[in-house]
Amino acid sequence: MHKRHWDIFCTVVDNYGDIGVTWRLARQLVAEFAQPIRLWVDDLASFASLCPDLDPALATQTRDGVSICRWDPDFDPTWQPGALVIEAFACQLPDAALRAMAQASPRPLWLNLEYLSAEAWIDDCHSLPSLQSNGLAKHFFFPGFSPRSGGLLCEGSLSAQRQAWQADPAQRQALFAQLGVPPQPAHCRYISLFTYETQALPGLLQAWADGQDPVCLLVPEGRVLASLQPWLGQALPAGAQARRGNLQLVGLPMTDQAGYDRLLWSCDLNLVRGEDSFLRAQWAARPFLWHIYQQEDDIHLEKLQAFMARYASGLSAEARQALLDFHLAYDRGEAEQMAIQWPQWCHHSAEYLSWARRWPEQVLSGGDLASRLVQWVENRLEYGV
Ligand SMILES: Cc1cn([C@H]2C[C@H](O)[C@@H](COP(=O)(O)OP(=O)(O)O[C@H]3O[C@@H](C)[C@H](O)[C@@H](O)[C@H]3O)O2)c(=O)[nH]c1=O
């Protein structure tokens, strides 16, 4: 049967998370559910950072089976909705779209895709409808870690791809060679760094430089360089290298999302941020540190603690406390704490790795986000529930 298309609307706010999540979701819906998708994006230039073969000058183009449409201020007045309209992260739909949705027959389902949170309250809000001024109900879809939430974005074949990569050390060696990483001692710890600016970073860099064991830090282009450069005393653009004590630093270009996954799979520790890199670090089955997106009144620290309460539940009490302290120090920007927290992290690193390998299977057992979303839509279209 011919499927009616879905529209996903995304405005790029100030980072890559909004487009990163919607682009990933769109591709998965096409690849695994044969769902025709139109992805509307207001900033194709930012999108091109994650999708290098995108042409920002084109009003419409198809990539990986997704129909990508430039969302211009004068939105297409002839647009007609399909079965579902997704507004990502509370972006404001064009008035013309709101009118067309109200006049369409049958009317489309409409949902707002919320930001990911590990907090318990989202379970009671997930999927709730709210009547809007155009007469349609908008539902709120909450991604999350619990069985009652909207689940977590993860492609069906990802775990097998990641396992095959990690089972073959030659893949990692080839990647590092391709990235221009100079040869390191066998016991070197490889760490990727893709966080926001933070005053904690110089303390951590110093701990790595002064540490007994070698560290190789791989830094994709991004905001964190503003915190790294003053300590380093030089810029670290893509392709550049520097050495301080036992710390080797390498600047990397941004790649597409698959390339970033391969970097995460290849490192012993990944420092990540936001929403999407945070999840990809979990699917890498390697230890990670989450630099959460900062919010007013330290709300982000509550969200961090809610996640840590879930994630660290499989760790010993000592390792759990050390991991929480490491996160809180980094997320609060406490540079002097890093000299204390880093040796603690190293002390528990084997336990962190062992738990990181078990976590994805456990947290995905109730189905991933795209599967839950498709089921949610089918239930409403078939039974109206
Ligand atoms: C380093 C790198 C990242 N990426 C991708 C991975 C992710 O999809 C994307 C980064 O997104 P995030 O990790 O979510 O971090 P972010 O900081 O870019 O996005 C954030 O934006 C804020 C506005 C939101 O409120 C946050 O919740 C969050 O989504 O960049 C690549 O594709 N290639 C790369 O080389």
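**Ligand shell and helix packing in a predicted model**

Colleague: Which residues are closest to the ligand, and how many surround it?
Modeller: In this predicted model, 23 residues surround the ligand, and the closest are Asn15, Gly17, Gly20, Gly274 and Ser277.

Colleague: Which elements give two or more residues to that shell?
Modeller: They are helix H1 (17-33), helix H9 (257-266) and helix H10 (276-283).

Colleague: And what is the shell made of by class?
Modeller: The shell around the ligand has 10 nonpolar, seven polar and six charged residues.

Colleague: Changing topic, where does Asp42 lie?
Modeller: Asp42 is in the loop that runs between strand E2 (37-41) and helix H2 (44-50).

Colleague: Why is Asp42 called partly exposed?
Modeller: Asp42 has 18 other C-beta atoms within 10 Å. A residue is buried if that count is 20 or more and exposed if it is 12 or fewer, so Asp42 is placed in between, as partly exposed.

Colleague: What is Asp42 in contact with, leaving aside its neighbours within four places in sequence?
Modeller: Asp42 is then in contact with Thr11, Val12 and Trp71. As for Cys69, which is 27 residues apart from Asp42 along the chain, the C-alpha atoms of the two are separated by 8.7 Å.

Colleague: Now the helices. How do H11 and H12 cross?
Modeller: The axes of helix H11 (residues 299-311) and H12 come within 11 Å and cross at roughly 160 degrees. That angle makes H11 roughly antiparallel to H12. The crossing in which H11 passes H12 is right-handed.

Colleague: Which residues meet there?
Modeller: From H11, Leu301, Leu304 and Met308 meet Leu324, His327 and Asp331 of H12. By class, this contact has four nonpolar, one polar and one charged residues.

Colleague: What about H12 and H13, at what angle do they pack?
Modeller: H12 and helix H13 (residues 338-347) pack at about 145 degrees, and their axes are 9 Å apart. H12 passes H13 in a left-handed crossing.

Colleague: Which residues make that contact?
Modeller: H12 contributes Ala322, Asp325, Phe326 and Ala329, while H13 contributes Met338, Gln341, Gln344 and Trp345. By class, the contact of H12 with H13 has five nonpolar, two polar and one charged residues.

Colleague: What separates the C-alpha atoms of Leu328 and Asp76?
Modeller: They are separated by 46 Å, and the two residues are 252 residues apart along the chain.

Terms used. Residues are numbered from 1 along each chain as its sequence is written. This is a predicted model: local features need pLDDT of at least 70, side-chain atom pairs count only at pLDDT 80 or more; totals for chains, interfaces and linings use all residues. A residue is near a molecule or strand if its C-beta atom, placed from the backbone, lies within 6 Å of it. Helices (H or I, at least four residues) and strands (E, at least two) are DSSP runs, numbered from the N terminus. Ala, Val, Leu, Ile, Met, Phe, Trp, Tyr, Cys and Pro count as nonpolar, Asp, Glu, Lys and Arg as charged, and the others, Gly among them, as polar. Two residues are in contact if their C-beta atoms, placed from the backbone, lie within 7 Å. Axes are lines fitted to C-alpha atoms, for helices over the stretch in contact, and angles run from 0 to 180 degrees between N-to-C directions. Angles under 35 degrees count as roughly parallel, over 145 as roughly antiparallel, 65 to 115 as roughly perpendicular and the rest as oblique. A crossing is left-handed if the near helix is turned anticlockwise from the far one by less than a right angle, and right-handed if clockwise.
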